[in-house]
Amino acid sequence: MLKLDQPVAITMWDFSWLERRWPGAGYEDWGRALDELAERGYDCVRIDAYPHLVAHDPDATYELIPTWHFWDWGSPSLCDVRVMPALLEFMRCCADRGIRVALSTWYREDRHNLRMDIADPVHQADQWLAVLGHVERAGLLDTVLFLDLCNEWPLRRWAPFFVNDPPEDHGNGNTKKSQAWMREAIAHVRAAYPGLPLTYSFALDTMHPDPPLIDYLDLFEPHVWLAQQHDYYRLVGYRYEGLDIKGCEAVAAKAERVYRANPGFWDEALREAIERHAVYSRKMQRGLVTTECWGPVDYKDGPRMDWGWVKDTCAIGVETAAATGRWLGIATNNFCGPQFRGMWRDIEWHQRMTQTIKSASIDEELQP
């Protein structure tokens, strides 16, 4: 079970840390990017460790298929990556700066689609044990704050190897089949690393209205956005298009407009969602960490895409989560990385948010 003396200010660098390394992409100089992260007050970063690729061949070069063309996480086109020794080098850069690492995976699709070879929860766990073996031998295990076995389980985009029951309920982590898979995979990793906090992260509102008791997770990692409350994205006309520009165009045209038409309504919806998760956290006696959050889900620098309203809504999310006493790690937004230049350059805003996070109190049961 994860316990901390004070909350950490955490950010998500997903698969961008390895894939966005061309000149000007933001992560070509890890030391500089991490120095800028520390300057803004963050002390933890969640990244993709590519366990399916490490387990297959840690030293191989893999050609990755783009997840989307119009959003700025990862590469918008074909790219080549070599996970080892890059993962260990990046983690050493973090350790040198006192920055903790949360390991996760988005199961990126490579040319041979190796992620589809995952046959069962033990297979998934064994892939993670391969990663942890490299990390431990490098003397970097203490750098790991927690391990998220799959980003936003079990959404088809990130976990296509898992077929839910019923199959059309692919995003629901509360089904019996999903619960059985998570429980077995967690147990297998925990047997080898009993002191490492383990979890799965979730994108849907799994805490409402009456989800099962997921007591085998050491923390909960819910991703909570204003944009997923009520019918916000339906009003925007956005359907999470990754490879079609019409989705990006819809967000550019209407995302701010829909929010500005009734900001009090959307702000209150966000507060209510955060409080639901706090209630569930108390019920389960587990702390919360949120690394993707608060305003829109997808956004970027561009015409008609102002960061002002995003920062306003994200500040509400940070302040509300910090006040609950239930969050052990709080992100400020989905866009806290050097590739999102408009958000990144407002150093004072980040420092104000991270100060709010790190000065928040934690309920006594979640402290060491």
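Predicted model: local features only at pLDDT ≥ 70, side-chain atom pairs only at ≥ 80, totals over all residues.
Residues are numbered from 1 along each chain as its sequence is written, and side-chain values use heavy atoms, with hydrogens and water left out.

Let me start with the chain as a whole. Its secondary structure comes to 12 helices and 13 strands, where helices (H or I, at least four residues) and strands (E, at least two) are DSSP runs numbered from the N terminus. The C-alpha trace spans about 50 × 45 × 45 Å along its principal axes. For 368 residues a compact globule would have a radius of gyration near 21 Å, and the 19 Å of this chain agrees with that; the radius is taken over C-alpha atoms, and the globule rule is 2.2 Å times the number of residues to the power 0.38. Of the 368 residues, 61% count as buried, meaning under 20% relative accessible area, with exposed being over 50% and partly exposed in between, for a 1.4 Å probe and protein chains only.

Seven strands form an open sheet in the order 7-6-5-2-1-13-11, with parallel pairing, and two strands pair if DSSP finds at least two bridges between them. Strand 7 (198–199) and strand 11 (288–290) are the edge strands, each pairing on one side only. Within the sheet, strand 2 (residues 44–48) and strand 5 (residues 100–104) pair in the parallel sense over five bridges, and Val45 has Val101 in strand 5 as its bridge partner.

Next, the aromatic rings. Rings of Phe, Tyr and Trp (its six-membered ring) pair if their centres lie within 6.5 Å, and planes under 30 degrees apart count as stacked, over 60 as edge-to-face and the rest as tilted. The count by this rule comes to 35 aromatic pairs. Phe15 and Trp106 form an edge-to-face pair, because their ring centres are 5.9 Å apart and their planes stand at 80°. Phe15 lies in the loop between strand 1 (8–14) and helix 1 (16–19), and Trp106 in the loop between strand 5 and helix 5 (121–137), so the pair ties together parts that are 91 residues apart in sequence. Phe15 is buried, with a relative accessible area of 1%, and Trp106 is buried too, at 3%. Both belong to a cluster linked by ring pairs, whose members include Trp68, Trp73 and Phe340.

What, then, of the cysteines? A search of the whole structure finds zero disulfides, a disulfide being a pair of cysteine sulfur atoms within 2.5 Å. The sulfur of Cys44 is 8.5 Å from the closest cysteine sulfur, in Cys94, which is too far for a bond. Cys44 counts as buried, at 0% relative accessibility.

Finally, helix 9 (residues 263–284). Its 22 residues should span 32 Å at 1.5 Å a residue, and its end C-alpha atoms are 32 Å apart, which agrees; the expected span is 1.5 Å times one less than the number of residues. Among the buried residues of helix 9 are Trp266, Asp267 and His277. Helix 9 is followed by Gln285, which has a positive phi, near 55°.
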